[in-house]
Amino acid sequence: MNYKETVNNLRDLVYSWENVQLICDYVILWAVLSWASDIHIEPLSSFVRLRYRIDGELKEILEYQNFLHTGIVARFKILSELKIDESRIPQDGRISKTIEEKPLDLRVSTLPTVHGEKIVMRIVDKSKKIPKLEDLWIEGQNLDLIKAAIALPNGIVITSWPTWSWKSTTLYAALSLLNKENVNIMTLEDPVENQVDGINQSQVKPQIWYTFAYWLRTALRQDPDIIMVWEIRDKETIEIAIEASLTWHLVLSTIHTNSAAETLTRVIQMGIQPFLIPASFNAVIAQRLIRKLCPHCKKEIGVQNLDKDTLYNIQNALKLTKKTELTTRVSPEILKSPKFYEPVGCEHCDHTGYKWRVWLYEVLEMTDGVKEMVLNGQSAFNINKQAIQDGMISLEQDGIMKALNGLTSLQEVYSVAKTQNN
């Protein structure tokens, strides 16, 4: 069934409660055909709203009457093996389906609201192979730093990210590079999104106190070489992770922060002594997802059309330092005659001007200057400034270089890559 038929069928079905099963099937099918990453079913005061997250943006798909909502919630709960009669507390489940010959996992989350239960489903395509680091638009110096950091026999490599940055993809790409016959890799995930041969994967179960900290203590008795902890959430977990890194283990993990520099100050705020950070951290990676310009309709704009403030920011972002060779990422021809592009909109991109997404990265290397800043208790702003002085490519700078290569627009870069540390 094609996209147009799916849309028309779903819109015809949402007027009768007898069609609940078909409605649920079409909600998932329409999301898959739209290349959505998430499905949101939200009960409001007078109607229920269906929205999809497409290329990072929530888009309203349709509205239907409230009398259908109870049946739709019950149907999705049955499919994900949740308790149908429990609507007072949140529940998490999983649906496995094959659509368009693609094996899919849908991570289902229910949440009570004043107008009924809201449902969010994250769509995971199990047919996709784990990408290489190079496939994630990690280039030049950033790629070299990440590979060097994970090649060390011990230490911590931590990824900082806001929600919806696809941290799992970066971590799996790193693990796939490390996954060898003579290495014992152990992971604790929440949840296990991709099952990888050769890696010992486990899922957190807080209801029975199987937490990240508890698992870390147990994992160290399993003779691991590499440990991946899905997320640093508390002082106990980071303490054990640092202890493991100092006793000849490589530790990979993630943390919720806005930039690489802020990660270091956040760890200190958790109660870690500053002197432990230079001794245990190999590198800190910050990442964002940014929308990619539609290749069918993007429009070239000359530098002369940019305002003075934008030109000033671009010049600052492209300054060469002693450790940053931008010519390995952007060709000399492009730098001599820079061109940028802006979105237009066409039928290929649903008239948004963007299609798909690419990653932005900044990789903070633990240079002597950064270590000194951490030991002296400097702010994230000063640490970030020192890291850039020592050669770090910031998120903004990485975004501008992708804009120069025609992958995205400057307005998208500044809407996503700007942080309080820049």
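Reader: How many residues does the protein chain have, and what share of them counts as buried?

Author: The protein chain has 422 residues, and 52% of them count as buried. Buried means under 20% relative accessible area, exposed means over 50%, and partly exposed is in between (1.4 Å probe, protein chains only). The model is predicted, so local features need pLDDT of at least 70 and side-chain atom pairs count only at pLDDT 80 or more, while totals for chains, interfaces and linings use all residues. Residues are numbered from 1 along each chain as its sequence is written, and side-chain values use heavy atoms, with hydrogens and water left out.

Reader: What makes D55 count as buried?

Author: D55 has a relative accessibility of 14%. The cut-off for buried is under 20%. Therefore D55 counts as buried.

Reader: Why is H351 called exposed?

Author: Its relative accessible area is 58%. Exposed starts over 50%. So H351 is exposed.

Reader: Where do D55 and H351 lie?

Author: D55 lies in the loop between β2 (48-54) and β3 (57-64). H351 lies in the loop between β14 (339-342) and β15. Strands are DSSP runs of E with at least two residues, helices are runs of H or I with at least four, and both are numbered from the N terminus. The protein chain has 15 helices and 15 strands.

Reader: Which residues of helix α12 are buried, and how do you know where they sit around the helix?

Author: In α12 (residues 368-375), V370, M373 and V374 are buried. Seen down the axis of α12, the buried residues fall within an arc of 100 degrees, so they line one face of the helix. The arc is that of the directions from the helix axis to the C-beta atoms. The face turned away from the buried side carries the exposed residues D368 and E372.

Reader: What covers the buried residues of α12?

Author: The cover includes α8 (260-269), α9 (276-280), β15 (354-365) and α13 (380-389). Contact means heavy atoms within 4.5 Å.

Reader: What makes β3 and β4 edge strands?

Author: Take the sheet as a whole. It is open, has six strands in the order β3-β2-β1-β6-β5-β4, and pairs antiparallel. The edge strands, β3 and β4 (91-99), each pair on one side only.

Reader: How do you know that β4 and β5 pair?

Author: Two strands pair if DSSP finds at least two bridges between them. Nine bridges join β4 to β5 (residues 102-113), and the two run antiparallel. Within that pairing, P103 is the bridge partner of T98.

Reader: How many bridges does β6 make with β5, and how many with β1?

Author: β5 and β6 pair in the antiparallel sense over 10 bridges. Four bridges join β1 to β6, also antiparallel. A hairpin of two residues joins β5 to β6. Eight of the 10 residues of β6 are buried.

Reader: Why is the pair of W30 and Y52 called edge-to-face?

Author: Rings of Phe, Tyr and Trp (its six-membered ring) pair if their centres lie within 6.5 Å; planes under 30 degrees apart count as stacked, over 60 as edge-to-face and the rest as tilted. The centres of W30 and Y52 are 6.1 Å apart and their planes stand at 90 degrees, so the pair is edge-to-face. W30 lies in helix α2 (residues 20-33) and Y52 in strand β2, so the pair ties together parts 22 residues apart in sequence. W30 is buried at 2% relative accessible area, and Y52 at 0%.

Reader: What makes Y172 and W230 a tilted pair?

Author: Their centres are 6.1 Å apart, and the angle between the planes is 55 degrees. Y172 lies in helix α5 (residues 167-178) and W230 in the loop between β10 (226-229) and α7 (235-246), so the pair links parts 58 residues apart in sequence. Y172 counts as buried at 3% relative accessibility, and W230 at 1%.
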